[in-house]
Amino acid sequence: MSDGKKHYLLFASHSYSYAIMRPLEKAIREKGDVAAWYLEDSCPDWLDSSELRLKSFQEVFEFNPIACIVPGNIVYDFFPGIKVEVFHGYPVQKRGEKVDENFRMRGWFDMYCSPGESSSLILEKLEKRHKYFKYYKTGWCTSDPFFAPDNAADREVHNPPTVLYAPTFTKDVTSVNVMDGMIDRLCREKDWNWIISFHPLIKDPETINRYKDLEKKYPGRVKYLEVNNGIARFLKSDVMLADSSGVICEYLMFGKPVVTYRNTCPGKHIIDCRELDRIPSAIELALQRTPAVMDPISEYTHLHEYFFDGMNSFRVLSAIDDFILNYKGRLKKKPLNLIRKFKLRKRLGYWDKFLTR
């Protein structure tokens, strides 16, 4: 496809990809270029009529993007364009691991877009070790809407306050198996509203129905979100209740406090509870937003995010231009990745271009 414009492919594997890449799509359009989406089967189709979706490999080849932009850990190596990792969260090590899963090098990507210093400290070492990719300090494109002027008013505490419950799906870390009883209790004891927003990988019907029952039991006070509505749930709430969910850092970017249950990496930036009975008083403390609660949040967010101006998506696009101009074809070749490529092609039923890298 030759129209004189730059083409970018937005590669989506999960529903969270929309919140991450729509700011990029907006920036691409503002520059007069073209963004198209490729959705894996695991990603629901939430595209509207104004968005371009490519439904086959052949359509992708004909679109011929200069870059495939990916928030997940996997991309199809045989797609055209450089492979760009923009990450699906800040590095919070929710499993307690020394190095976040985001930084496990699989040999798929040509460049990485670092959200903040906490990411760059790792990426700089990995770049020097592996030598087949470059990293750029761009900030996280997902956070661009966080700092829109229109959202400023929604940072004040609502009346009555609203608590957002957002658990992770990770086994042995999630609080989803115990928190429905606590929310039920707090609905009886406190004049708080609730928003319940599950990670898309929480799929157990019995678990989901227990929380939907709370919405039925407390109509108007508990809202179960069938679909992740992005930052709207952050703006409409005053405190988050979570465990070790990856969205904790995102929520803190709004200058709003987080209460956690048995967080794997607790610190001063959150109010962590090792016992369920501590949660009510912890939420009360969070709603007061004292300096002792809020100051560590500012310190923590500035460690994870470089920029707070809503321009990160444009930095990502500039970084792509710089990589293509100065590094494409000049770095050490990516590993052949034969086993991963075999597994990928077996899953897709596609066997061409096996030795691309």
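Predicted model: local features only at pLDDT ≥ 70, side-chain atom pairs only at ≥ 80, totals over all residues.
## Basis

Local features need pLDDT of at least 70 and side-chain atom pairs 80 or more, while totals for chains, interfaces and linings use all residues. Residues are numbered from 1 along each chain as its sequence is written, and side-chain values use heavy atoms, without hydrogens or water.

## Aromatic pairs

The whole structure holds 34 aromatic pairs (Phe, Tyr or Trp rings, the six-membered one for Trp, with centres within 6.5 Å; planes under 30 degrees apart are stacked, over 60 edge-to-face, the rest tilted). Phenylalanine 11 and phenylalanine 79 pair edge-to-face, at 6.2 Å centre to centre and 70° between the planes. Phenylalanine 11 is in strand E1 and phenylalanine 79 in the loop between strands E4 and E5, so the pair ties together parts 68 residues apart in sequence. Both phenylalanine 11 and phenylalanine 79 are buried (under 20% relative accessible area; exposed is over 50%, partly exposed in between; 1.4 Å probe, protein chains only). Ring pairs join Phe11 and Phe79 into a cluster whose members include Tyr38, Phe57 and Tyr350.

## Isoleucine 270

Isoleucine 270 sits in the loop between strands E12 and E13 (strands are DSSP runs of at least two residues, helices of at least four, H or I, numbered from the N terminus). It counts as buried because its relative accessibility is 7%. Beyond residues up to four places away in sequence, isoleucine 270 touches Ile248, Leu252, Val258, Thr260 and Asn263 (heavy atoms within 4.5 Å).

## Helices H4 and H5

In H4, Met179, Asp180, Ile183 and Asp184 meet Arg210, Tyr211, Leu214 and Lys217 in H5.
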